[in-house]
Amino acid sequence: MTASNGEPSPRIPRPGQGFSQNSPEQASGASIDPADVARFSAQAAEWWDAHGPFAPLHRFNPARLKLIREQLCARLGRDPTALRPFEGLTLLDVGCGGGLIAEPMRRMGFSVTAVDASSENIGTARAHAEMVGLDIAYRAATVEQLEAEGVGPFDVVLTMEVIEHVADPEAFVRACARLVRPGGVMMVATLNRTLKSLALGKVAAEYILRWVPAGTHDWRQFLKPDEIRAMLADEPVAVEGPFGLAYDPLNDRWRQTDDAAINYMMVATRSAETL
C-alpha cells in the first residue's frame, strides 16, 4: 500500500478500527513513571468534567489548540482558514489522557492514533470518542512499544505536558522524534524549570489556587527549552522555540506570549532526507 506521494503508507490502524486485537492493552517501557501513571489513572473518569479536577486543562486547551494549529499549518503548508486543514495527514498523540487534544485534532482532519500509559485513561478516551462519533485509534501503550512494533511514521507527533512525568525524558522525546516521518513535525509542551514556575506553576497552581491536585508536578522534573534542544541534538530534527503560553488573569484566559518562563512548546521538524 502506498501514499499519494508514492512512498509506503505508515503502519497505522484505519480510523475507527483501533489496533490489532493481538496488540497488548497494557503499556510497558522504560519511560513509565508508575507513580505518575497511578495518579492520573485514579482520576481517569473525570477527564471530560469541565468543572472537575481537569477544569484548568479545559480552560488551557483553546490556547494550546490555537498554537498547535498555527504552527502545523505554517510548517506543513496547510490553509489555516480551512475547517479541516489537515485532511489526509496522520497524527500520533503521545500521553493522550482522556482525549482532550486527540478529539479536536481529529475534527481538524487528521487520522489520529492516540496512546497513553494508563489503560484507565484510554478507556475514558475511547468511551467519549464513541459517544461523540469520532473515529480515533486509542491504545494503552508507550512510544517504545510503538517503535518496536514498527508503527508509523506519522506526519505529526504531539506530546503535551507529558515529558515532565516520564522516567527518562531524553529517551522518551528521542523515541517520539523517531516516529515522525521525513518532513514531519513534532511538538512538545511542558513547563520550564524556573523560579517563576516554582512559585506559580507548582506552589500557586497546586496549593493556593487548587488548579490541579497537590503533588501533580515535581518541579525538579520541569525542563528548560535548551535541555529539550540538547536531548534532540543527535536526531535529524530542526528545533524551534520556545513558544510561550501564559495565563491572563485580567481576561481570565490563556494566551500566546514571548514569556516561556512557565508553560511553553518546542517544535521539531524532521529532515526531509532521513527516515
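A: Buried means under 20% relative accessible area, exposed means over 50%, and partly exposed is in between (1.4 Å probe, protein chains only). This is a predicted model, where local features need pLDDT of at least 70, side-chain atom pairs count only at pLDDT 80 or more, and totals for chains, interfaces and linings use all residues. Residues are numbered from 1 along each chain as its sequence is written, and side-chain values use heavy atoms, with hydrogens and water left out.

Q: Which parts does the pair of Phe-60 and Trp-254 tie together?
A: Phe-60 is in helix H2 (residues 55-76) and Trp-254 in strand E7 (residues 253-257), so the pair ties together parts 194 residues apart in sequence. As for the labels, helices (H or I, at least four residues) and strands (E, at least two) are DSSP runs, numbered from the N terminus.

Q: Are Phe-60 and Trp-254 buried or exposed?
A: Phe-60 is buried, at 5% relative accessibility. Trp-254 is buried too, with a relative accessible area of 16%.

Q: And how do Tyr-247 and Trp-254 pair?
A: They form a tilted pair: 5.8 Å centre to centre, 55° between the planes.

Q: Where is the kink in H2?
A: At Asn-61, shortly before the proline Pro-62, and it is about 35°. The bend at a residue is the angle between axes fitted to the seven residues ending there and the seven starting there. Just after H2, Gly-77 has a positive phi of about 65°.

Q: New topic. How many salt bridges does the structure hold?
A: It holds 14. A salt bridge is a side-chain nitrogen of Lys or Arg within 4 Å of a carboxyl oxygen of Asp or Glu. One of them joins Arg-75 to Glu-240, with the closest N and O atoms 3.1 Å apart.

Q: Where do Arg-75 and Glu-240 lie?
A: Arg-75 is in helix H2 and Glu-240 in strand E6 (residues 237-248), so this pair ties together parts 165 residues apart in sequence. Arg-75 is partly exposed, at 25% relative accessibility. Glu-240 is partly exposed as well, at 36%.

Q: What about Glu-103 and Arg-107?
A: Their side chains meet in a salt bridge of 3.9 Å, N to O. Both are in helix H3 (residues 102-107), 4 residues apart, or about one helical turn. Glu-103 is buried at 1%, while Arg-107 is partly exposed at 41%.

Q: Which residues are linked in a network of salt bridges?
A: Glu-147, Glu-170, Arg-174, Arg-178 and Glu-235. Within it, Glu-170 and Arg-174 come to 3.8 Å between their closest N and O atoms. Both lie in helix H6 (residues 169-178), 4 residues apart.

Q: Where is Glu-235 found?
A: In the loop between helix H8 (225-231) and E6. Glu-235 is buried, with a relative accessible area of 9%.

Q: Last one: which residues of H4 are buried?
A: Asn-121, Ile-122, Thr-124, Ala-125, His-128 and Ala-129. Seen down the axis of H4, they fall within an arc of 160°, so they line one face of the helix. The arc is that of the directions from the helix axis to the C-beta atoms. The face turned away from the buried side of H4 carries the exposed residues Glu-130 and Met-131. Just after H4, Gly-133 takes a positive phi of about 75°.

Conventions: Rings of Phe, Tyr and Trp (its six-membered ring) pair if their centres lie within 6.5 Å; planes under 30 degrees apart count as stacked, over 60 as edge-to-face and the rest as tilted.
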